[in-house]
Amino acid sequence: MLSSSRSWIPAVLADVVLILLFAAIGRDAHARGDIVSGAFSTAWPFLAGAVISWTVSRAWRAPFALWPSGVAIWIGAVLVGMLLRAATGQTVVLPFVIVATISLAVFLLGYRALVAVLVRAAQGRQRGV
C-alpha cells in the first residue's frame, strides 16, 4: 500500500502502541494500579504473538493491508497471547478472551482500514488533478 521499503516501521510501532494501549485501558478499567509496568506485564504475551505473526505472515511486504497482514497479526496476537497467558499462569477466562479479541480487532484492523481509506482518497485526489 505504501511504497517505501521501510513502510513497515510505522506499522510495527502502531501495533506496539495499540497493544500497549489495550493493556493500559484494561488495567485502568479494573483499577489494577501501576498502569505503566502493569500494562507491560499484561501486554507482553500479545506483543509476542504480534511479533510471531509479523514473522510468519511476512507482514512487512504489505504492513498496512487488512488482509492478510492485519488479520494475521490480530489473530496471532490474540491466539498466541492467550496461550502465553495460560502457560504463565495469567488469567484466561472467556469474557477476557472476547474483550481482547474485539478490542485488538478494533485497534489492529481499525487503523489499517483508516490508512486504506486515506490512501484511496489521496489517490482519488491525484487522479482528479
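Q: Which conventions apply to the model?
A: This is a predicted model, in which local features need pLDDT of at least 70 and side-chain atom pairs count only at pLDDT 80 or more, while totals for chains, interfaces and linings use all residues. Residues are numbered from 1 along each chain as its sequence is written, and side-chain values use heavy atoms, with hydrogens and water left out.

Q: How many helices and strands does the protein chain have?
A: Elements are DSSP runs numbered from the N terminus: helices are H or I with at least four residues, strands are E with at least two. The protein chain has four helices and zero strands, in the order α-α-α-α from the N terminus. Its C-alpha trace spans about 55 × 30 × 25 Å along the principal axes.

Q: What percentage of the residues is buried?
A: Buried means under 20% relative accessible area, exposed means over 50%, and partly exposed lies in between, with a 1.4 Å probe and protein chains only. Of the 129 residues in the protein chain, 36% are buried.

Q: What share of the contacts joins residues 24 or more positions apart?
A: Contact means heavy atoms within 4.5 Å. Among contacts with a separation of 6 or more, 71% come from residues 24 or more positions apart.

Q: How do helix 1 and helix 4 cross?
A: Axes are lines fitted to C-alpha atoms, for helices over the stretch in contact, and angles run from 0 to 180 degrees between N-to-C directions. The axes of helix 1 (residues 8-29) and helix 4 (residues 94-128) come within 10 Å and cross at roughly 145 degrees.

Q: Which residues meet where helix 1 and helix 4 touch?
A: Residues in helix 1, including Leu18, Phe22 and Ile25, meet residues in helix 4, including Phe96, Leu104 and Phe107. The contact divides into 13 nonpolar residues, one polar and two charged. Here Ala, Val, Leu, Ile, Met, Phe, Trp, Tyr, Cys and Pro count as nonpolar, Asp, Glu, Lys and Arg as charged, and the others, Gly among them, as polar.

Q: Is Ser69 buried or exposed?
A: Ser69, in helix 3, has 4% relative accessibility and so counts as buried. A polar atom of the Ser69 side chain lies 2.7 Å from the backbone oxygen of Ala62. Not counting residues up to four places away in sequence, Ser69 touches Ala59, Ala62 and Pro63.

Q: Is Arg85 buried or exposed?
A: Arg85 is in helix 3 and counts as buried because its relative accessibility is 8%. Beyond four places in sequence, the residues Arg85 touches include Thr42, Phe46 and Phe96.

Q: Is Arg61 buried or exposed?
A: Arg61, in the loop between helix 2 and helix 3, is exposed, with a relative accessible area of 57%. Arg61 and Ser5 are 56 residues apart in sequence and 8.7 Å apart in space, C-alpha to C-alpha.

Conventions: A polar contact is a pair of N or O atoms within 3.5 Å; within protein, one must be able to donate a hydrogen and the other to accept it, and residues adjacent in sequence count only if both atoms are side-chain atoms.
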